[in-house]
Structure formats: structure tokens, C-alpha cells
Amino acid sequence: MPMLPAGSDENRPRRRRCHPIGDRTEELALRVGLSLVSAPNLVNLETVSKSYPDQVVLDAVSLGIAASQRVGVVGRNGDGKSTLLRLIARDDEPDSGRVVHTGGTRVAVLGQTDGLDGASTVREALFGGADAHEWASDPRVREILTGLFGGLDAPVLPEGLDSRIGVLSGGERRRTDLARVLTAEADLLLLDEPTNHLDIEGIAWLAGHLNATRAAVVVVTHDRWFLDEICDRIWDVQRGNVFEYDGGYSAYVLARAERERQANVAEEKRQNLMRKELAWLRRGPKARTSKAKFRVDAANELIANEPPARDTAELVSFATGRLGKTVFEAQDVTVRAGDQTLLEHLDWILGPGKRIGLLGVNGAGKTSLLRTLAEAIEDKQPAHGRIKVGRTVKLAWLTQHMEDLDGSWRVLEAIELVAKRVQFGKKEMSAGQLAERLGFVGGRQRTFVRDLSGGQRRRLQLARLLMAEPNVLFLDEPTNDLDIETLTQLEDLLDDWAGTMVVVSHDRYFTERVADETWALLGDRRLRMLPRGVEEYLERRGAVKSAAERPAPSQAAPAARPSGAQDRAVQKELSKLERRLERTDERIAGVHAQMAAFATDPGKLAELQGALSALEAEKDEIEERWMELAE
């Protein structure tokens, strides 16, 4: 009788959809009468334990990785995800048990830090001394270089493939190390946070590449969209155990909720938080639940009567009460960074209660736009145009740079120095309660700031920012260094926060979860609303790249100049479009006025919000057509 992979449905006990893996591999081996070592897995861990002086990371865990399997590893920071990868790679030794690789299994590892030689070139790091024709003729290698570096000769690097590793930025080094792993002829890829330093386009490319590869993949990541996109199995590392779930992240959320419901061990707060995320998954983008490999009926029953994750109309009403009808109004604004013009002729109204996800290619001006708006609060107007700021605007800006705090402070003290209590919509919470919501539980609130990790400092920075009770939030890469549990807690907090928010993030799941509208900077000095969100952004970027790759028209046959009649027709349509644009702007202003008038009527506000979104989409279409004709 042939041995089935340890993770296959045929071997799975039907009454135990999710379970500690520690006893499962032995159970399966007994059922089919074969030894563990003879299983056709690429790698087997047999009752592996690993401890550090202050923590048991893995406690007698047994599991296997089958050929072509896609496994996502999740868990809180410090629970042992990276340790598990090092043990699988045999870069670390277990305290007891053993790790067995099937003979001939080739493993490539992307660690949290790279071991690249700073004196070597990118070409040497990837291909050693091989001649160009040996690797350039491989379609897989060409696709990897194009996806990560923009082309076969790596045009995005300072000196292309001949760039020295030592002069590369952190992001460029990370891409080089990722390219090294992907170009290797490996049967198993072990990837620790592979999406770090990749933008939304890069993450989408990587997901597509991994879905096409034949190698098995084990990936540690906090990117939940990425988990949903590539994984057919989730390993949840918790307090020495590993729990296994079929499907991607969405299926994992459903199944974990069911496991906790059956075990009845989860705290009420955590169950409430889980139900809220389940409600969003169920009522949010269809791709979320359609990616699930199965349904958990009992978990769905948990949220049968659960309202949407947030009441947008009520939050807009609260925000209007705090901010009035004006937050930021940009009129014919030009945004520059040094000598470079990033945006021009910008007309944009950022109203009360707006929750914006701001996307854009690197260098398109996302941070510069936020800085221009923030400077307008201090009466520093842009070089061209004007920004009107509401009188009651109180801005808090979470930047990518860590706040410089006194290391002798304790966590709770650092938060209480901002405020003792904070209001979230109709709820009020103390500094200690907010700290707990962001992962500082019990004695961790007395930890010295100097002893905090990077992720803990990020959470403290968020807590201090929220305690200041701003009514406008700019969040620039807020998910850096946060684990999935903290991300869901932050999303839950923001669901109750009433104000105007702009989020810049490469975390697609987070952006879709907290933002109601998506706007994008595509590198053409314009700001566009994208009704279909991130998917539309990726489509537009793909179209731009395709156009750039098409050969230029022959100089010997220049395009024919339009005839006089054609020119007059174009001018006539341009005039019509300009009049339509003026009327649309007037209608948008009218809707804003109505929203202010009906600030206490949630139903009317929701209706007006829908009308406003439609008008803004219409305005975007008019402007695109105007640009086409003008060119």
C-alpha cells in the first residue's frame, strides 16, 4: 500500500479538522503500518523539542512537509516561528527528537538577515562565475530578475548586476537575497518574511511566482493576503505546540474560531475580536471566503447576527461633530520634492470620516503629499496652489521612524504621560486598557522602554499616538514589525475610531480592512480614486508597464498630424469635458453640504456617501478622458 503524504485529506481523522501536530504523524504512521522515516515527505520532524532559558519554543512536535506543499507559519512574535524554520533547515539543532531530510532534498533558505558578502557583486551572489549565456537563457531566471529588479540587467540597482552588495540599501539587499533563493534549484523553499521591503506590486508578483513553482514552500509572514494567496495549509505556533489548519488565512480564522469555541478556553475579549474579523471576512471582498478550502458551519454560526466590523455612517456622524465639514481641501496644488514635481494641479477634498488607503509606486509622492497636508496646518502653503484646513483639525502622524523615548520609562508610564484616558467613539478606556489591547498584558506594562523589541516599540508608539485623541490620522506603514494578533487588535481599535484617516501601507489585507476608499499615485503627477481598490491599482500598473515595453514608433514614419477637422472635434470635446468637470465639482460640493446638514442622520449619511463615491469616480473618468485628448 503506497504511503500518502502526512498532510493529505485521505489520512486526516475526519473528526479532528484542527489539532496539535505533536501526536499526529505517529498516529498516521500507525494507521498505515509504516515507519515515520519511510514517509514520502521531503522533511520530517520527529518529536522535536527546543527550549531557551526563558521559554519552551517547541514541545515534542512531529510534522512533515510533502512535495509541492504550501505552508504558512503564523503566531505571535517570539513564539518560535523563525526557530521552527531554522530547525527544518538544520541550521539549528533540537534539544531532543530529530529532523530527517529525504535523501537528495535540496533546501534554499531566506533568513531574517542575509549572509551576502558585501565585497561581491549582485551577479556573483546570484550566479557565481557562470557565464551570462548559462543563466540568461533560462526563462525562470529572466522572470525572477524582471520581477525583482525590473529587467534582465537589473536597471533598478545603482550599477545593475555589477552593483556591489555593500553599497545596496536594505531593501535592495533583501531583494538580492530573495533572488538568490528563488533562482536556486531547490525542492523546498524556507522563507522568513519574504515580503519585507516589497511593495504591493512586488508582493503580488512573488505570490504568482510561488504559485507557479514546483518546489514546496514554508513561509513565515504577517502578510495575511499573501497567506491567503499561496498557502494550502497553516501552522499556528502557540506556546510550544503547533496547530494545523487546511486552507489559507481566511480558512484558518474560521477553523481557529471553531476550535476555540469547542475547547471553550479563549477569553471573552479574544472571542469578540475573532467574531469581528470573521464578520469582515464574511461580508468583505468575495475573494476572502472563496479562497477558503472548506467551511466551518459552527464558526459561521458565531457571526450569524454579527453586524459589520464598523458602522461607517455612525463614524462619519461622530467625525463631522468633531471636525465640522472641512478637514483638508487642496485647490490646484503642486507638490514637489527638491527639484522634482510629484503632483500638479491637485484638487482634492478630504472630508470628515474619510478612511483612505493611499497607494503608489515608490517615489510617486505618497509621503510628500502627507507632509504637504501636515505643513498646511502650520500655515505653510505649497509653492503653487492652496490647501484649506479645518479649524478643529488635530493631526497625529505615525511615521516609519521610531519615536525617541526615555529608556528609563516603563510602558504604562510612557502612555500615561500623554493621557490617562481616551475616548473611542462611544467607548472610553484607560491607558492600561489600551496598552492591553495592543499586546502589553499584565507585567509587560511595567517593562522598561529600553528593553522593548522593535515590534514592541512600534506598538508603544501607536498607543501614545492614539492616547492624544487626534481627529485626523496619517499612518505611514503602520504594520511594520507587528504580528498578526497585534494587527487584528489594531484593526479592531480603528473600527471604533471616529475621524479622518489616510493609510499608506504595503500590507494589502490591512489596507482593505481599515480603508473605505482607495486612491493612487501612479507616477504621472495625478491622484486618482480607484473604485475597485488594489486590484484596479495592479491592473493599471500592469498596463503602464506593458505600454513602456512596447517598441517606440519608427522615427522614419512619424505619427500623422491631426487634420483641422479632427483638431476642432478634439477641442470641442475638451470644452464639453471641462464643463462636465465643473458641474461634477459643484455636485460634489453640494453633497458635502448635505452631509454636513444631515450629520445626525446615519441613514441619510450612508446614502450621501454612496452618491459622493459615484461622483468622484465620474470625475476621475472625465479627467482621464481629458488627459487622453490633451495628449
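This is a predicted model: local features need pLDDT of at least 70, side-chain atom pairs count only at pLDDT 80 or more; totals for chains, interfaces and linings use all residues.
Visitor: What makes threonine 486 count as buried or exposed?

Guide: Its relative accessibility does. The value for threonine 486 is 4%, and buried means under 20%, so threonine 486 is called buried. This residue lies in helix H18, which spans residues 484-495. Leaving aside residues up to four places away in sequence, threonine 486 touches Leu438 and Arg459.

Visitor: Why do glutamate 491 and arginine 513 count as a salt bridge?

Guide: Here we set a distance against a cut-off. The side chains of arginine 513 and glutamate 491 meet at 3.9 Å, N to O. A salt bridge asks for a side-chain nitrogen of Lys or Arg within 4 Å of a carboxyl oxygen of Asp or Glu, so 3.9 Å qualifies. The pair links distant parts of the chain, with arginine 513 in helix H19 (residues 508-514) and glutamate 491 in helix H18, 22 residues apart.

Visitor: Are these two partners buried or exposed, and how do you know?

Guide: Arginine 513 has a relative accessible area of 2%, and glutamate 491 has 1%. The limit for buried is under 20%, so both residues are buried. Salt bridges that share partners also join Arg224, Glu491, Asp495 and Arg513 into one network.

Visitor: What makes the pair of glutamate 428 and arginine 421 a salt bridge?

Guide: The N to O distance is 3.0 Å, which is within 4 Å, so the pair passes. Glutamate 428 has a relative accessible area of 47% and arginine 421 has 42%. Buried means under 20% and exposed means over 50%, so both residues fall in between and are called partly exposed.

Visitor: How do you know that lysine 380 and glutamate 375 form a salt bridge?

Guide: Their closest N and O atoms are 3.8 Å apart. The cut-off is within 4 Å, so this pair counts. Glutamate 375 has 28% relative accessibility and is therefore partly exposed. By this rule the count comes to 30 salt bridges.

Visitor: What makes S13 a partner of S19 and of S20?

Guide: Pairing needs at least two bridges between strands. S13 has 3 bridges to strand S19 (residues 500-504) and 5 bridges to strand S20 (residues 517-521), so each link meets the requirement. Both pairings run parallel. As landmarks, arginine 355 stands opposite methionine 501 in S19, and glycine 360 has leucine 521 in S20 as its bridge partner.

Visitor: Why are S3 and S5 called edge strands?

Guide: In the order S3-S2-S5, 3 strands form an open sheet with antiparallel pairing. Strand S3 (55-65) and strand S5 (96-101) each pair on one side only. Neighbouring strands of this sheet are turned by 20° against each other on average, direction ignored. S2 (residues 43-52) is joined to S3 by 7 bridges, and asparagine 44 stands opposite glycine 64 in S3. Helix H2 (residues 81-89) packs on the sheet, touching S2, S3 and S5, and its direction makes about 130° with that of S2.

Visitor: Which residues touch the most other members in the largest nonpolar core?

Guide: Leu148, Leu182, Leu189, Leu210 and Phe226 do, in a core of 49 residues. Leucine 182 touches several residues beyond four places away in sequence, among them Ile144, Leu148, Trp205 and Leu210. A second, separate core of 36 residues includes Ile200, Leu323, Val472 and Val502.

Note on methods: Residues are numbered from 1 along each chain as its sequence is written. Side-chain values use heavy atoms; hydrogens and water are left out. Helices (H or I, at least four residues) and strands (E, at least two) are DSSP runs, numbered from the N terminus. Axes are lines fitted to C-alpha atoms, for helices over the stretch in contact, and angles run from 0 to 180 degrees between N-to-C directions. Contact means heavy atoms within 4.5 Å. Buried means under 20% relative accessible area, exposed over 50%, partly exposed in between (1.4 Å probe, protein chains only). A nonpolar core is a set of buried Ala, Val, Leu, Ile, Met, Phe, Trp, Tyr and Cys residues joined through side-chain atoms within 4.5 Å.
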